[in-house]
Amino acid sequence: MSTMRKRIHSPLSSMRPPQPQPRFRIQPISHDPDILALVNDSKALLREHEPGPVDLLRPRGGSNLFFTCEHASKRIPESLENLGLDAAHLERHIAWDIGAAGVARRLSEHFDATCVLQNYSRLVVDCNRWTHADDFATTYSEDTVIPGNMDLSDTQLAERTKLIYEPYHQTIEDHLDQREQTGRVTVLASIHTCTPVFLGESRPWHVGVLYQRDTRFAHVLMDLLRSDGTLVVGDNQPYALNDNKDYAVPVHGERRGIAHVEFEIRQDLVANDAGQSEWAERLHELLSTGVDVLEERHPELLTSKTPSHEHHTQLGH
Ligand SMILES: [Zn+2]
């Protein structure tokens with residue numbers, strides 16, 4: 001655990017071209033054998049008739065594009081009794097990224113691309129956070145207390161992590177590993193949406209393009225989006241991607257050294273089917289052109305790499 005924390009908190013020099021970083025396995029929340037035994041024995045969190053945590057679309061999709069959607073669902077396991085919230089709160093952005101799954105599913109179809117979506121709400125565990133983050137199973141979101149997340153025991157947290165968070169990230173990791181081992185190029189796009197008003201403040205951006213150290217793909221996409229002329233495009237707005245806050249793109253994209261981007265589409269634009277279709281078509285065109293431009297500007301990102309065994313030795317498994 002300490003090794004990984006050290007890695008994530010020691011930023012690489014931003015002057016250096018991005019380098020592939022060693023991979024690591026998903027971090028369990030606890031190494032305490034008693035806790036893990038309890039979790040292994042437990043069937044309490046998810047009941048038999050409830051869906052598993054991962055919705056995997058087109059696992060053998062032919063596209064270079066690979067989509068993820070960490071905040072796709074507002075579903076709460078029945079055993080958690082809506083986390084003590086009125087049903088109305090579970091429709092709000094605090095529970096999920098409204099419209100994101102609809103856009104991601106359509107993109108998967110347009111491209112014949114693999115897409116991995118989380119089937120449970122970010123209020124249960126946030127799949128775009130590190131397990132040690134304060135808001136991993138948040139007790140407070142925007143202006144709302146989450147009663148069912150107060151005073152969680154290590155066992156409860158470990159159970160959510162093991163049954164919901166880990167399978168999601170393991171699915172992504174396994175697919176990306178396999179693509180790399182078979183010499184397939186991957187361009188990772190994580191689909192999110194954001195609330196148009198946060199704590200009383202309006203957000204003007206139609207869409208935000210989020211990235212951290214590696215600007216290569218994000219800048220191509222921003223140039224293309226801005227040339228549209230009708231859109232207000234956020235450059236790392238409404239917030240900047242960073243290792244402390246975000247998990248999916250820094251880990252699965254940046255550290256792996258593959259082309260990557262995170263989108264934040266404003267939720268009022270994709271709240272219904274028509275909006276989701278419109279934005280899926282827009283992003284389909286954008287990403288198609290974007291990959292072509294990327295091939296001219298940064299061909300190294302679209303060249304398959306020789307499989308490396310380096311990380312296996314480093315991780316000692
Ligand atoms: Zn999100």
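In this predicted model, strands E6 and E11 run parallel and are joined by eight bridges, with Ala189 standing opposite Val261 in E11. Strand E6, which spans residues 187-194, also pairs with E2 in the parallel sense, here over four bridges, and Phe67 stands opposite Ala189 in E6. Eight of the eight residues of E6 are buried, so this strand is largely enclosed by the rest of the structure. In a regular strand the side chains alternate between the two faces of the sheet. In E6, Val187, Ala189, Ile191 and Thr193 point one way, whereas Leu188, Ser190, His192 and Cys194 point the other way, and all are buried.

These strands belong to an open sheet of seven, arranged in the order E1-E3-E2-E6-E11-E9-E10, in which the pairing is mixed. The edges are formed by strand E1 (54-57) and strand E10 (233-235), each of which pairs on one side only. On average, neighbouring strands of the sheet are turned by 20° against each other, direction ignored.

Helix H4 (residues 154-181) lies across E1, E2 and E3 and runs at about 165° to E3. A kink of about 40° is present in H4, centred on Thr161, and the helix is followed by Gly183, whose phi is positive, near 75°.

Terms used: Residues are numbered from 1 along each chain as its sequence is written. This is a predicted model: local features need pLDDT of at least 70, side-chain atom pairs count only at pLDDT 80 or more; totals for chains, interfaces and linings use all residues. Two strands pair if DSSP finds at least two bridges between them. Helices (H or I, at least four residues) and strands (E, at least two) are DSSP runs, numbered from the N terminus. Axes are lines fitted to C-alpha atoms, for helices over the stretch in contact, and angles run from 0 to 180 degrees between N-to-C directions. Two residues are in contact if their C-beta atoms, placed from the backbone, lie within 7 Å. The bend at a residue is the angle between axes fitted to the seven residues ending there and the seven starting there. A residue is buried if 20 or more other C-beta atoms lie within 10 Å of its own, exposed if 12 or fewer, and partly exposed in between; C-beta atoms are placed from the backbone.
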